[in-house]
Amino acid sequence: MFSMSEQFSTAIKANFEAQLAMINALTGTALEGVTKVIELNLGAAKASAAESAVAAKQLLSAKDPQEFFALSAAQAQPNTEKAMAYGRHLAAIASGTQAEFTKTTEAQIANAHGKVIGLLNEVAKNAPAGSESAVAILKSAFDNANAGYEQLTKTAKQAAEALETNLTTVTSQFSQAAEKTVKQADKK
């Protein structure tokens with residue numbers, strides 16, 4: 001049978017190792033997200049540079065102002081669609097990274113919760129007579145902290161969902177406004 005100090009020492013060591021594992025997992029996830037954003041930005045920059053050169057040549061080849069404005073209007077819609085696609089892709093990367101953070105954190109918290117409950121139960125079994133109320137207070141404090149974390153997690157998920165919904169709405173409104181602008185330019 002382990003002594004109390006050995007039990008706590010083992011629990012603290014296990015908790016520290018679990019926290020390091022979680023930090024490593026979250027760091028890896030963050031780096032993957034950053035890498036995806038960098039790749040997206042590089043791809044967009046390359047495509048934009050090539051398309052800008054072609055668009056500039058087309059605009060310079062215009063024979064009169066009407067042709068120039070017609071070419072400008074024709075180029076506006078594809079550029080708007082590309083900007084919206086970029087925004088959607090960026091939002092998907094952010095959403096995926098956030099989901100992976102949440103998944104990793106929830107798994108770590110569940111694992112830590114199980115270990116702490118096991119330790120508390122072991123302490124309760126080996127506690128000297130008359131210390132039941134102290135153990136009950138400790139369990140209650142832990143349960144309250146865990147309930148607070150669960151509420152925080154729930155609120156964070158709701159905020160992320162609201163952000164994603166708002167981004168979708170803004171993208172849709174931007175798309176509609178761009179289409180309307182292009183149609184008005186075509187009428188002129």
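This is a predicted model: local features need pLDDT of at least 70, side-chain atom pairs count only at pLDDT 80 or more; totals for chains, interfaces and linings use all residues.
**Salt bridges**

- Side chains of opposite charge can pair when their charged atoms come close.
- The count of salt bridges comes to two.
- Glu100 and Lys103 sit three residues apart in helix α2, so about one helical turn separates them.
- Glu100 is partly exposed at 31% relative accessibility, while Lys103 counts as exposed, with a relative accessible area of 54%.
- Lys82 and Glu51 also meet through their side chains in a salt bridge, at 3.0 Å from N to O.
- Because Lys82 lies in helix α2 and Glu51 in helix α1, this pair ties together parts that are 31 residues apart in sequence.
- Lys82 is partly exposed, with a relative accessible area of 41%, and Glu51 is partly exposed at 32% relative accessibility.

**Helix α2 from end to end**

- Helix α2 covers residues 65-126, which makes 62 residues.
- At 1.5 Å a residue, helix α2 should span 92 Å, and this agrees with the 90 Å between its end C-alpha atoms.
- Leu120 is found in helix α2, and a relative accessible area of 7% makes Leu120 buried, since the cut-off is under 20%.
- Leu120 and Val135 are 15 residues apart in sequence, yet their C-alpha atoms are 7.5 Å apart in space.

**Aromatic rings**

- How many aromatic pairs does a search of the whole structure find? The search finds one.
- That pair is Phe68 with Phe69, in an edge-to-face arrangement: the centres are 5.6 Å apart and the planes make an angle of 80°.
- Phe68 is partly exposed, with a relative accessible area of 34%, whereas Phe69 is exposed at 57%.

- Phe16 has its place in helix α1, which runs over residues 4-60.
- Together with Leu20 and Ile23, Phe16 forms a nonpolar patch on the surface, and the three share about 290 Å² of accessible area.
- Gln151 belongs to helix α3, residues 132-187, and is partly exposed at 44% relative accessibility.
- Gln151 and Ile117 are 34 residues apart in sequence and 19 Å apart in space, from C-alpha to C-alpha.

Key:
Residues are numbered from 1 along each chain as its sequence is written. Side-chain values use heavy atoms; hydrogens and water are left out. Helices (H or I, at least four residues) and strands (E, at least two) are DSSP runs, numbered from the N terminus. The expected span of a helix is 1.5 Å times one less than its number of residues. Patches are made of residues with over 30% relative accessible area and no salt bridge: like charges are joined within 9 Å, nonpolar side chains (Val, Leu, Ile, Met, Phe, Trp, Tyr) within 5 Å. Accessible areas come from the Shrake-Rupley method with a 1.4 Å probe; for residues, only the protein chains shown count as cover. A salt bridge is a side-chain nitrogen of Lys or Arg within 4 Å of a carboxyl oxygen of Asp or Glu. Buried means under 20% relative accessible area, exposed over 50%, partly exposed in between (1.4 Å probe, protein chains only). Rings of Phe, Tyr and Trp (its six-membered ring) pair if their centres lie within 6.5 Å; planes under 30 degrees apart count as stacked, over 60 as edge-to-face and the rest as tilted.
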